[in-house]
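Take a look at the protein below.

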Amino acid sequence: MLRALSRPAFSTGKSICLASAGRISRQTLLTCRSLSVETKMLTKDTINPKVLDAQYAVRGELVLRAMEHQAAMKSGRGNELPFDEVVFCNIGNPQQLQQKPISFFRQVLALCDNPDMCDHPDVGKLFAPDAIERAREILKSAPGGTGAYSASQGIEIARKHVAEFITARDGHPASESDIFLTDGASGGVAMSIQLLIRDSNDGIMIPIPQYPLYTATLSLNGGKPVGYFLDESKGWGMDIAELERAITQARSQGTNVRAIAVINPGNPTGQNLSAENIAEVVKFAEKEKLLILADEVYQTNVYREGDKFTSFKKVVRDLNSNVELFSFHSVSKGVLGECGRRGGYVELTNMDKEVLTQIYKLFSINLCSNIPGQIMVDLMVHPPQPGSHSYEQYQKEWNGIFESLRRRSAKLSAALNSMKNVSCTSIEGALYAFPSIRLPPKAIEAAKQAGKEPGTYYALQLLDNTGVCVIPGSGFGQVEGTQHFRTTFLPPEDKMDAVIERMKQFNDEFM
């Protein structure tokens with residue numbers, strides 16, 4: 001029994017609870033407390049419905065289940081699980097899967113975070129001389145260091161180096177005034193969609209399969225995704241007839257199609273578009289008066305012998321096209337894998353000057369992107385040069401990571417094609433495979449009984465039996481009646497065979 005303090009009656013808005021002096025039971029007190037809890041202002045029914053509409057599969061149900069398994073093992077409750085570790089193949093997060101960072105880049109970042117170290121008498125014992133020089137150069141352009149805001153557009157020297165990188169890559173001049181440093185490529189994509197979507201009638205063409213950032217950001221801004229299907233039979237290439245079908249259908253339904261998004265190299269599909277295919281897309285966009293959103297964060301990840309990456313910017317300039325173009329790049333992918341740094345940039349091409357002013361305003365509202373991410377962008381586009389102290393070590397580390405990715409992509413592609421009822425196109429670029437799976441009727445029925453979409457059911461069973469976390473194709477979009485899943489090939493090379501064997505054994509038994 002508890003003794004309540006004397007207090008007057010008080011209102012909960014819906015009921016009145018009397019807590020008079022004297023002795024009351026525990027149950028009475030608990031009832032009193034429950035009645036006194038006011039209704040929450042924010043509930044699922046009262047938050048912005050656009051948030052409810054947004055979906056992001058790569059951090060969804062499968063990942064939550066994987067984290068539950070991982071937590072169980074860490075707490076000693078995972079003894080009954082049929083695996084000894086969870087392998088997160090759901091997202092392109094290389095350093096989570098033990099990819100090593102580039103030494104020179106981390107040295108420069110450490111010195112920028114601790115600028116007094118640059119003048120320490122023993123600094124040369126710990127840091128390469130060109131890393132010290134580079135940190136001083138960056139700090140001169142960012143006098144407040146990593147703890148101060150930069151200009152809204154980004155650190156000047158970093159934007160200058162980005163412009164030089166683009167000029168060397170494409171053979172056409174780039175200007176630092178057209179470059180904005182962003183919190184990863186995602187920050188640039190979000191800004192672009194916010195700029196484009198005026199009301200619920202506006203839409204953007206997105207590839208299917210797509211990276212769910214696009215549909216999620218469109219949902220948050222109240223826009224419409226206009227899906228166009230990539231052609232799996234042609235290595236996930238872009239077909240102009242399909243683009244024309246998609247835009248015609250959308251316009252007939254009242255959608256104002258304003259832009260087309262292209263992911264090249266592809267996520268989740270791993271294709272690398274040819275210059276000829278890109279030229280067709282540019283001409284299509286020009287004819288239909290569309291802006292192009294070119295997501296090119298995997299431009300370093302091109303594996304097939306003889307292939308090379310071609311940027312949309314290069315083709316636009318080669319064709320002397322006036323099509324408007326936003327081009328995105330990031331430090332999260334390539335061989336850097338610096339996802340946690342959240343560094344990226346967007347280059348604006350053929351943009352109206354008054355629109356540039358409004359874009360600058362949008363960036364100013366957020367003050368600036370994070371400074372360590374900006375520094376990493378600078379290092380990505382302007383690494384150690386031939387003849388410098390750190391060049392040989394940089395090249396050794398860079399080539400080691402790239403060649404390992406190439407080997408793992410080929411190994412995974414071959415393994416998937418050896419599995420029962422699984423087929424996978426050649427992985428030409430990026431960090432993923434997107435194999436097709438042909439589920440037997442019994443599996444489809446079991447999924448139905450479990451209340452799951454068939455591909456999701458397969459992925460959950462794979463996770464629960466092997467500890468390997470992949471994402472079902474439904475999270476990216478796919479042709480109706482087909483099933484796929486996306487997996488990275490980022491597990492360490494010395495573990496790749498074991499991961500593949502677990503996947504193959506499960507799949508062939510499941511099928």
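## The whole chain

The model is predicted. Its protein chain holds 18 helices and 18 strands. Along the principal axes, the C-alpha atoms fill a box of roughly 85 × 65 × 55 Å.

How much of the chain is buried? Of the 511 residues, 51% are buried. The accessible surface comes to about 24000 Å². Carbon and sulfur atoms account for 51% of that surface.

## Contacts and charges

Now consider which parts of the sequence meet. Take the contacts in the protein chain with a separation of 6 or more: 71% of them are between residues 24 or more positions apart.

The chain carries 55 positive and 57 negative charges.

## Strand S9 and its partners

Find strand S9, which spans residues 256-263. This strand is mostly covered, with 6 of its 8 residues buried. What does S9 pair with? One partner is strand S7, residues 202-208. S7 and S9 run parallel and are joined by 4 bridges. Here Asp202 stands opposite Asn256 of S9.

Another partner is strand S10, residues 291-295. S9 and S10 also run parallel, and 5 bridges join them. In this pair, Ala261 stands opposite Leu293 of S10. How does the chain get from S9 to S10? The path goes through helix H11, residues 275-288. This β-α-β crossover is right-handed.

## Arg407, on helix H15

Next, go to helix H15, residues 391-417, where Arg407 lies. Why does Arg407 count as partly exposed? Its relative accessibility is 44%. Partly exposed covers values between the buried limit of 20% and the exposed limit of 50%, so Arg407 falls in that class.

Arg407 and Tyr303 are 104 residues apart in sequence. In space, their C-alpha atoms are 8.9 Å apart.

## Asn507, on helix H18

Last, find Asn507 in helix H18, which spans residues 493-510. Is Asn507 buried or exposed? Asn507 has a relative accessible area of 0%, so this residue is buried.

Which residues does Asn507 touch? Leaving out residues up to four places away in sequence, Asn507 touches Met419, Lys420, Val422 and Tyr458. Pick out these residues in the model and view them together with Asn507.

Definitions and conventions: Residues numbered from 1 in each chain as written. Predicted model: local features only at pLDDT ≥ 70, side-chain atom pairs only at ≥ 80, totals over all residues. Heavy atoms only, no water. Helix = DSSP H or I, 4+ residues; strand = E, 2+ residues; numbered from the N terminus. Buried < 20%, exposed > 50% of the residue type's maximum accessible area, 1.4 Å probe, protein only. Contact = heavy atoms within 4.5 Å. Areas by Shrake-Rupley, 256 points an atom, 1.4 Å probe, with all protein chains shown as cover. Lys, Arg positive; Asp, Glu negative; His and termini not counted. Charge placed at Lys NZ, Arg CZ, Asp CG, Glu CD. Pairing = 2+ DSSP bridges. Right-handed = clockwise from strand over helix to strand, strands pointing away.
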